[in-house]
Amino acid sequence: MHKPLPLHCTSLNFRGFQYVQAMLFAIEEINNSTDLLPGISLGYKIYDACVSIARGVMVALALANGDEVISALSEAPCTRTAQVQAIMGETFSSPCMAIATVIGPFHIPLISHLATCACLSDKTKYPSFLRTIPSDYYQSRALAQLVKYFGWTWVGAIRSNDDYGNNGMATFTETAQQLGICLEYSVSFFRTDPPDKIQKIIDIIKASTSKVIVTFLSPSEVYVLMHEFFYHNLTGYQWVGTEAWIFDSETAARDSHHILDGAIGLSIPKAHVSGMREFMLDVKPLNSSSNKLFAEFWEKLFSCKFTKSKLSAENQRECTGHEDVTKVQNSFTDMSLMPIFYNIYKGVYAVAHALHNILRCNKACNNTVQLDPFTILQHIKKIWFKTKEGDEVYFNENGDPAAKYEIVNWQPPENGIVDFVAVGLYDASLPADKQLTLQNTSLFWAQNSPKVPLSVCSEKCPPGTRKVLQKGKPVCCYDCLRCAEGEISNITDSITCVRCHPEFWSNERRDACVKKEAEFLSYEEIMGALLTAASLFGTCMTAVVAFIFFRYRQTPIVRANNSELSFLLLFSLTLCFLCSLTFIGRPSEWSCMLRHTAFGITFVLCISCVMGKTIVVLMAFRATLPGSDVMKWFGPAQQKLSVLGFTLIQVIICILWLTISPPFPFKNFKIFKDKIILECALGSAVGFWAVLGYIGLLAVLCFSLAFLARKLPDNFNEAKFITFSMLIFCAVWITFIPAYVSSPGKFSVAVEIFAILASSFGLLICIFIPKCYIILLKPEKNTKKNMMGKGAPKSL
């Protein structure tokens with residue numbers, strides 16, 4: 001409704017007066033120098049911007065135009081030369097952005113000592129802006145690395161609602177996300193915000209679980225938060241700060257309730273400029289008519305007035321102008337901001353060196369050179385020099401200096417003053433892995449605790465587990481799930497579990513792969529030992545029977561039943577018992593080929609002999625009929641040829657199998673998860689089943705012939721025993737097929753060995769044991785008369 005009143009500064013700020021003194025020190029030092037700008041004196045104008053963007057723009061224009069702050073309409077042309085060659089300031093980023101935008105078209109250099117917003121590095125928007133303090137582009141990344149260094153992955157963030165806070169926090173947030181750091185909340189406010197907005201921020205902090213607060217705040221906002229934290233009894237938070245307040249002694253002095261104890265953050269490296277402290281404290285007041293600024297400063301410093309008539313308070317007194325500054329303890333006498341003062345000092349010297357080069361000064365300067373801000377700006381951008389303290393000063397293409405920070409920790413006070421202890425260094429010019437270094441110095445944390453605070457959304461996932469994000473929450477909030485069987489994770493906070501190599505399996509803790517146990521039927525285990533014993537027992541039993549038959553080879557019962565086939569059958573049974581041993585032990589290339597082929601050939605030889613004996617029985621019975629000459633067609637030679645022929649067919653089948661696709665050792669990972677089954681792969685399933693099928697065909701044929709001869713006379717009839725033996729043989733191998741297919745691992749091998757032994761024992765016992773019984777226990781029946789005796793046929 002009404003035009004706003006002009007802005008007025010209400011009081012003098014000691015920090016701002018310190019900045020003025022630092023500039024005056026540098027100017028006086030240059031003017032007294034015979035090496036830099038000899039014969040040239042630098043002048044200055046001082047305006048107070050009062051931390052106001054609008055007033056900052058006004059005073060910048062006043063410096064450029066030479067007008068007073070409150071200007072009036074004038075007929076004078078606007079194209080005259082600028083009244084100043086460079087502007088030192090402003091302190092904060094937002095006023096600098098406004099001022100640089102206004103004076104940028106005039107190319108007047110604006111050199112700030114404390115404006116750190118990364119946005120000011122944009123030379124398209126702010127072409128005449130330079131600074132002697134590093135950009136927040138580096139500080140934000142350094143803060144993120146510092147937070148990551150201490151393992152804080154779940155933090156809160158508070159920023160000033162201005163360009164400094166918003167831009168700095170945006171860069172920090174981006175870098176933090178890249179480093180795996182999550183922000184539980186990120187809030188902004190300004191010192192002049194209404195109480196209800198401040199209360200909302202306090203409520204957010206109360207409801208949070210993070211214990212670390214990262215700040216991009218000016219000291220004024222920090223004061224507000226300190227008061228609110230004390231009022232709401234919020235303690236135990238770890239503060240991480242920027243150079244704006246982390247090494248500010250005034251901020252520490254105001255923290256009477258120890259809200260910020262143990263704070264850590266980045267500061268400008270400590271600096272010392274010889275003579276500056278003494279100069280700044282050696283200030284003398286002037287009367288108010290000649291220098292209002294210094295008079296006002298003196299009155300505030302000592303709480304006095306130069307004119308008695310203006311005394312209004314009882315505690316005020318008249319200023320004498322001879323008060324001792326060194327006896328005062330306040331923010332003006334505090335020199336903790338010497339690094340900032342040094343930045344002002346370097347900025348003034350940068351302008352002086354640029355002028356020195358433009359005026360081509362040697363022992364004297366060329367005063368005829370026409371100065372203009374654009375030329376000065378271009379020379380400032382290119383200057384490089386060393387201060388008297390040995391520090392290099394230069395600007396990069398963005399008008400920024402080299403980025404170096406000290407890591408400062410607030411430690412318990414001595415004599416009531418917080419110690420700002422440098423505990424590390426950040427140097428952006430070094431490789432990424434060496435930029436941040438911390439010293440082996442004892443650190444103090446929130447509430448002056450010596451233990452590093454923990455601020456995570458979820459505890460670290462130990463080896464053997466993997467992280468699974470919680471739905472709807474940031475990536476730092478997760479559950480730890482145990483790795484599945486056969487998978488491991490051997491690092492902390494693994495996001496995946498790695499599957500073990502097929503020959504390995506996960507241990508109980510799921511943090512290492514261990515070699516799987518190789519399982520095969522071995523001689524050392526009980527089952528293997530029992531089967532080996534049975535095989536050897538069968539071999540010995542066959543040998544005993546062969547010995548008996550050989551011992552009584554002239555007796556009628558041995559001779560009457562084709563002794564040659566009997567010995568050949570006993571030999572094949574011995575091979576059958578022994579071939580089962582090839583199935584026991586670790587499979588190899590040769591054992592795999594031998595076990596199936598030996599088994600197939602020996603069994604065919606065995607059954608061929610049994611079939612030959614069966615045919616002999618049938619032929620012998622037919623030969624007793626009148627006029628029969630059948631035996632001449634199936635004599636001993638024909639019997640041997642039949643056995644050889646049947647066996648040769650199996651040999652051919654085996655040769656084809658071994659030639660085309662032989663069996664081979666194979667590691668089976670599918671049956672058991674935690675074991676490797678060492679077995680013999682068939683190679684060609686057709687070859688395997690051809691061998692078994694041929695054995696089965698001969699067995700069925702032999703069983704059929706024996707069944708037909710079962711009713712021949714008892715005294716001569718061997719067919720009944722052959723029928724029983726082949727019945728057992730067929731029953732064993734018919735049940736073998738489903739048992740073999742369904743048995744896992746080494747048990748399938750055991751089933752095959754059992755089938756071989758069972759059928760071999762069936763043949764041995766059914767065919768030869770009755771004869772051995774007669775030979776050894778009933779010798780009276782072992783006569784030719786008895787063998788030739790005839791009786792009525794009996795059924796089986």
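What is the handedness of the link of Cys-182 and Cys-476? With 90 degrees about the S-S bond, this link is right-handed. The legends below refer to a predicted model.

View 1. The structure holds 9 disulfides, and one of them joins Cys-182 to Cys-476 with an S to S distance of 2.1 Å.

**View 2. A left-handed disulfide pairs Cys-483 with Cys-497.** The S to S distance between Cys-483 and Cys-497 is 2.0 Å. The torsion about their S-S bond is about -75 degrees, so the disulfide is left-handed. Cys-483 lies in the loop between β17 and β18 (487–488), and Cys-497 in the loop between β18 and β19 (498–499), so the bond ties together parts 14 residues apart in sequence. Cys-483 has 3% relative accessibility and counts as buried. Cys-497, at 15%, also counts as buried, because the cut-off for buried is under 20%.

**View 3. Cys-592 of helix α16 is joined to Cys-680 of strand β24.** The sulfur atoms of Cys-592 and Cys-680 are 1.9 Å apart. This disulfide is left-handed, because the torsion about its S-S bond is about -80 degrees. Helix α16 covers residues 589–623 and strand β24 residues 675–681, so the pair ties together parts that are 88 residues apart in sequence. Cys-592 and Cys-680 are buried.

View 4. Cys-540 is partly exposed, at 47% relative accessibility. Cys-654 is buried, with a relative accessible area of 2%.

**View 5. Helix α11 is mostly covered.** This helix runs through residues 338–358. Of its 21 residues, 19 are buried. At 1.5 Å a residue the helix should span 30 Å, and its end C-alpha atoms are 30 Å apart, which agrees. Just after α11, Arg-360 takes a positive phi of about 50 degrees.

**View 6. Phe-150 and Trp-445 form an edge-to-face pair.** The count of aromatic pairs comes to 28. In this one, the ring centres of Phe-150 and Trp-445 lie 4.9 Å apart, with planes at 75 degrees. Phe-150 is in the loop between α4 (136–149) and β4 (154–160). Trp-445 is in the loop between β15 (436–438) and β16. The pair ties together parts that are 295 residues apart in sequence. Phe-150 and Trp-445 are buried.

**View 7. Trp-245 and Trp-410 also pair edge-to-face.** Their ring centres are 5.9 Å apart and their planes are at 75 degrees. Trp-245 lies in the loop between β7 (238–241) and α8 (249–254). Trp-410 lies in strand β13 (residues 404–414), 165 residues from Trp-245. Both tryptophans, Trp-245 and Trp-410, are buried.

**View 8. Phe-25, Phe-279, Tyr-342, Tyr-345 and Tyr-349 form one aromatic cluster.** Two lysines are shown with aromatic rings as well. Lys-211 lies over the face of Tyr-237, at 5.1 Å from the ring centre. Lys-300 lies over the face of Phe-14, at 5.1 Å from the ring centre.

How values were computed:
Residues are numbered from 1 along each chain as its sequence is written. This is a predicted model: local features need pLDDT of at least 70, side-chain atom pairs count only at pLDDT 80 or more; totals for chains, interfaces and linings use all residues. Side-chain values use heavy atoms; hydrogens and water are left out. A disulfide is a pair of cysteine sulfur atoms within 2.5 Å. Helices (H or I, at least four residues) and strands (E, at least two) are DSSP runs, numbered from the N terminus. Buried means under 20% relative accessible area, exposed over 50%, partly exposed in between (1.4 Å probe, protein chains only). The expected span of a helix is 1.5 Å times one less than its number of residues. Rings of Phe, Tyr and Trp (its six-membered ring) pair if their centres lie within 6.5 Å; planes under 30 degrees apart count as stacked, over 60 as edge-to-face and the rest as tilted. A charge sits over a ring if NZ of Lys or CZ of Arg is within 6 Å of the ring centre and within 35 degrees of the ring normal.
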